[in-house]
Amino acid sequence: MMKAAGLLTLICSWSMAYGQQPQAQKLAQAMKQNQIALQQYTWKSQTQIRKEGEIKATKLFSNRYSANGEVVQLLIEEQSTKLPKFGIRGMVAKKKKEEAMELIDALQRFAKSYAELPPAKMQEFMKTAKVTLETNAPQPLLRLESGNVLQSGDSMVIWLDANTRRQRRIEINSSFDAKPVRMVTEFKDLPDGPTYVARSVVDYPKEELTLTMENFGYEPIANEEEALLTKN
């Protein structure tokens with residue numbers, strides 16, 4: 001998942017590269033305000049692990065921002081496939097689960113490496129990105145595409161609303177352990193509010209493994225506090 005700070009640098013670099021420094025400053029301010037606005041909400045998120053097409057684990061979290069801007073998660077519910085506990089089958093199942101969790105952790109770290117591109121890599125992406133205007137969507141989109149971002153042969157595409165410059169989608173195709181991996185992040189806008197990451201998916205076909213994270217149920221903190229006071 002691409003972080004707001006990473007996108008901010010990418011978009012501002014693109015604006016400056018095209019001689020639009022005033023617009024870049026406006027974009028920077030707008031994205032900073034967007035991040036501040038998100039901190040005024042609580043929301044729920046769900047993470048899901050699919051293996052060979054079957055759901056193996058699902059976790060539901062309640063989320064809010066701390067005073068220092070970090071996301072604080074509280075596990076609400078967890079469901080997972082039951083595994084054998086005893087005998088050889090139990091030992092094999094335990095070993096497979098441990099290996100799967102190691103792979104999942106490694107894939108999450110790999111996705112994070114793209115989400116937190118070093119400034120030099122971001123600038124190189126913007127310098128080489130091909131910019132096109134797509135008008136076949138309900139709203140016109142700016143498409144920024146470039147390759148060899150972190151690895152030879154990888155590619156990253158960013159879609160922005162052509163009018164508001166708000167994020168709409170990021171798609172990354174790369175390789176992990178010499179096998180293809182695809183990462184897609186989709187964004188939505190809250191009604192009269194900020195933009196948020198609605199869905200993020202990491203797909204690793206080699207192991208038939210898919211990691212999905214979704215954010216939903218956004219509520220302003222003021223509304224939540226008012227509801228608590230009403231109950232009391």
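Predicted model: local features only at pLDDT ≥ 70, side-chain atom pairs only at ≥ 80, totals over all residues.
Biologist: Is phenylalanine 61 buried or exposed?

Modeller: The general idea is that a residue counts as buried under 20% relative accessible area. Phenylalanine 61 has a relative accessible area of 12%, and therefore it is buried.

Biologist: Which residues does phenylalanine 61 touch, once those up to four places away in sequence are not counted?

Modeller: Its partners are Trp43, Lys44, Ser45 and Thr47, together with Gln73, Leu74, Leu75 and Ile76. For threonine 47, which is 14 residues apart from phenylalanine 61 in sequence, the C-alpha to C-alpha distance is 8.4 Å.

Biologist: How should I read leucine 142, buried or exposed?

Modeller: Leucine 142, a residue of strand 5, has 10% relative accessibility and so counts as buried.

Biologist: Where is aspartate 154, and which side chain of opposite charge is nearest to it?

Modeller: Aspartate 154 sits in the loop that runs between strand 5 (141-147) and strand 6 (155-161). A salt bridge requires the charged atoms to be within 4 Å; aspartate 154 is buried but has none, the nearest side chain of opposite charge being lysine 121, at 8.0 Å.

Biologist: What does the side chain of aspartate 154 reach instead?

Modeller: It reaches two backbone nitrogens, that of asparagine 148 at 2.8 Å and that of glutamine 151 at 2.9 Å. Beyond its neighbours within four places in sequence, aspartate 154 also has contacts that include Tyr114, Ser146, Asn173 and Ser174.

Conventions: Residues numbered from 1 in each chain as written. Heavy atoms only, no water. Helix = DSSP H or I, 4+ residues; strand = E, 2+ residues; numbered from the N terminus. Buried < 20%, exposed > 50% of the residue type's maximum accessible area, 1.4 Å probe, protein only. Lys, Arg positive; Asp, Glu negative; His and termini not counted. Polar contact = N/O pair within 3.5 Å; in protein donor to acceptor, adjacent residues only side chain to side chain. Contact = heavy atoms within 4.5 Å.
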